[in-house]
Protein chains: 2
Amino acid sequence: MTCMGKVVLASGVFDLLHYGHLKFLEKAKRSGGEDAKLVVVVARDKTVERMKGEPPIMPEGERRALVEALKVVDKAILGFEEFSMERVLQTVKPNIVALGYDQGYLEEDVKKAAEKLGMKIEVVRIGKFGRRLSSSEIKRKIAKRFAK
Amino acid sequence: MTCMGKVVLASGVFDLLHYGHLKFLEKAKRSGGEDAKLVVVVARDKTVERMKGEPPIMPEGERRALVEALKVVDKAILGFEEFSMERVLQTVKPNIVALGYDQGYLEEDVKKAAEKLGMKIEVVRIGKFGRRLSSSEIKRKIAKRFAK
C-alpha cells in the first residue's frame with residue numbers, strides 16, 4: 001500500500017528572500033516527514049499594505065515565482081486579498097500548518113478555522129535560526145548604509 | 001550513445017536574491033540546451049568589498065546556499081578571494097559562460113583566460129528582463145522609504 005505524503009502549508013510575505021526564509025521552509029517541510037509536499041501561500045501586496053501600512057518592495061507575482069523556484073517548495077500560490085484562513089485551508093487542504101517564530105498570532109486562527117471546517121490539522125511552530133537577519137533588519141541595514 | 005549535457009557557468013554577487021536573478025539563471029541554463037548543468041560562482045565578500053567599497057548585505061555563505069537552493073541551479077560555489085578567471089574556468093570546466101546584461105566587462109577576461117588554458121568556451125550574453133529592479137535599485141527603494 002502506498003501512502004500519500006503529508007501536505008504542509010507555510011505562509012509569509014517573502015519580500016527580499018533570504019537564508020532565514022529558506023531554513024524556515026526546509027524545517028516546515030521536514031515536519032511532514034518523508035514524501036511531504038510543501039505548499040506556500042505568499043501574501044498579496046494589498047494584504048501587506050493593509051497590515052503594515054505600505055506594500056512590499058517586490059511585487060506579489062515576483063515574490064511568488066521566486067518562492068516557487070526553490071527546490072524545497074512544491075507549489076507557491078498567492079493568498080486572497082481579503083485574507084481568510086478558512087479559504088486558505090479549503091484551497092490547500094494541509095495536514096500540517098507550519099508557523100514561523102513571528103507567526104504565533106496565527107495559531108488561534110488556524111485552529112478555529114480548522115474546527116469550523118471539520119478538518120484535522122496539526123500546527124507546528126518553527127523556531128528562529130540563530131542570529132540571522134530578518135527582512136526588517138535587512139531593510140534597516142540597507143537604509144543605514146545609504147544614510148551615511 | 002549518450003551525450004553529457006553542457007556545463008553552463010554563471011556568476012554574480014546575488015545579494016538580495018530577486019526575480020531578475022532567477023530569470024537570468026533560467027536563460028543562462030537554457031543557453032546550454034537540454035540536459036545542461038548550471039554551475040554558479042558566487043562572489044566572495046572580500047572581492048565585493050574590494051570592487052564596490054563595501055561588503056554585500058548578506059554574507060557569502062548565505063548567498064551561496066540560497067542560490068544553490070534554486071531548482072534551476074545544479075551547483076553553487078564560492079569564488080576565489082583573489083579573483084581569477086583562469087582558476088574559475090579550471091575549476092568549473094564550462095562549455096558556456098553566460099554573462100548578464102551588466103557583466104559585459106567580463107567577456108574579454110573569459111576569452112583571454114580560455115585561450116591561455118586552451119579551453120573551447122562559448123560566451124553568451126543574457127539580456128535584461130523588461131523594467132525589473134536591479135539589486136542596487138531595490139536597495140535605493142528601501143533606503144528611500146526609511147528616509148521618509
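Glu62(A) counts as buried, because its relative accessibility is 16% (buried is under 20% relative accessible area, exposed over 50%, partly exposed in between, with a 1.4 Å probe and protein chains only). Its place is in helix α3 of chain A, residues 60-68 (helices are DSSP runs of H or I with at least four residues, strands runs of E with at least two, numbered from the N terminus). Leaving aside residues up to four places away in sequence, Glu62(A) touches Tyr19(B) and Arg132(B), where contact means heavy atoms within 4.5 Å.

All of this comes from a predicted model, in which local features need pLDDT of at least 70 and side-chain atom pairs pLDDT 80 or more, while totals for chains, interfaces and linings use all residues. Residues are numbered from 1 along each chain as written, chains are lettered from A in the order written, and side-chain values use heavy atoms, without hydrogens or water.

Now for the interface as a whole: 28 residues of chain B are in contact with 28 of chain A. The two chains bury about 2,800 Å² between them, 69% of it on carbon and sulfur atoms (buried area is the accessible area, 1.4 Å probe, that two parts lose on being put together, summed over both). In chain B, Ile57(B), Lys71(B) and Arg145(B) lose the most area to chain A, together 23% of what that side buries.

Arg145(B) also turns up in a salt bridge with Glu54(A), at 3.7 Å from N to O. The count between the chains is 2 salt bridges (a side-chain nitrogen of Lys or Arg within 4 Å of a carboxyl oxygen of Asp or Glu).
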